[in-house]
Amino acid sequence: DLSSLKRPYFTFEKSGALNVTKITEHGKKVRKNWTSSWAVLQGSQFIFAKSQAMATSWFGSHQSKPEFSVDLKGATVEKASKEKSSKKHVLEVKTQGGTELLIQSDSESIINEWFKALNEAISVHACE
Ligand code: I3S
């Protein structure tokens, strides 16, 4: 599908290893389940695969599915408060669909990069 290449604006892309857990799904609180994951930000899609190899095979062939993905249109991202997690460097992503995610890295600079990239993706896709 080459349609994304025809978009008149720059499509943000970023990927890397992150720890992730959902805390809310469809507006309902769910039990935390931190997993290490390969995160891919592509346009307004924030996608999580089990590993980089799984993500590559998913994008290459569309045969293996990502673990899950969320749409960032209308989402918010903020640095998570201490009540949300005892871990360091945690971001909280709230989607319009009522999913709340926490993403975490032991590296502050990695989390700061994701914070910037997610904010950019959210603002670029806000008016779609
Ligand atoms: O917000 P919580 O409930 O303190 O989150 C912790 C729990 O999910 C815990 O698992 P149990 O469901 O077995 O209690 C996890 O091991 C912790 O990592 C969670 O807290 P942090 O602060 O790490 O997000």
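Tutor: Start with a definition: the expected span of a helix is 1.5 Å times one less than its number of residues. Helices (H or I, at least four residues) and strands (E, at least two) are DSSP runs, numbered from the N terminus. This is a predicted model: local features need pLDDT of at least 70, side-chain atom pairs count only at pLDDT 80 or more, and totals for chains, interfaces and linings use all residues. Residues are numbered from 1 along each chain as its sequence is written.

Student: In what order do the elements of the protein chain run from the N terminus?

Tutor: The protein chain has two helices and eight strands. From the N terminus on, the order is β-β-β-β-α-β-β-β-β-α.

Student: What length does helix 2 reach from its first C-alpha to its last?

Tutor: Helix 2 covers residues 108–124, which is 17 residues. At 1.5 Å a residue, 24 Å is expected. The helix comes close to that, reaching 24 Å.

Student: Why do the buried residues of helix 2 line one face?

Tutor: A residue is buried if 20 or more other C-beta atoms lie within 10 Å of its own, exposed if 12 or fewer, and partly exposed in between, with C-beta atoms placed from the backbone. In helix 2 the buried residues are Trp-114, Leu-118, Ala-121 and Ile-122. Seen down the axis of helix 2, they line one face because they fall within an arc (of the directions from the helix axis to the C-beta atoms) of 95 degrees.

Student: Which residues are exposed on the other side of helix 2?

Tutor: The buried residues of helix 2 pack against strand 3, strand 6, strand 7 and strand 8. Contact here means C-beta atoms, placed from the backbone, within 7 Å. On the other side, the exposed residues are Glu-108, Ser-109 and Ser-123.

Student: Which residue in strand 3 is the bridge partner of Leu-18?

Tutor: Two strands pair if DSSP finds at least two bridges between them. Strand 1 (residues 13–25) and strand 3 (residues 35–42) run antiparallel, joined by eight bridges. Within strand 3, the partner of Leu-18 is Ser-37.

Student: Which residue takes a positive phi in the hairpin of strand 3 and strand 4?

Tutor: Strand 3 pairs with strand 4 (residues 45–49) over five bridges, in the antiparallel sense. Ala-39 stands opposite Phe-48 in strand 4. The hairpin has two residues between the strands, and the one with phi near 65 degrees is Gly-43.

Student: How many residues apart along the chain are Ser-44 and Val-124?

Tutor: Ser-44 is in the loop between strand 3 and strand 4. Beyond its neighbours within four places in sequence, its contacts include Asp-71 and Ala-121. The C-alpha atoms of Ser-44 and Val-124 are separated by 8.4 Å, yet along the chain the two residues are apart by 80.

Student: Is His-89 buried or exposed?

Tutor: Most residues other than glycine have a negative phi. His-89 has a positive phi, near 60 degrees. This residue is found in the loop between strand 6 and strand 7. With 20 other C-beta atoms within 10 Å, His-89 is buried.

Student: And His-26, buried or exposed?

Tutor: His-26 also has a positive phi, near 50 degrees. Its loop lies between strand 1 and strand 2. With 8 other C-beta atoms within 10 Å, His-26 is exposed.

Terms used
Two residues are in contact if their C-beta atoms, placed from the backbone, lie within 7 Å.
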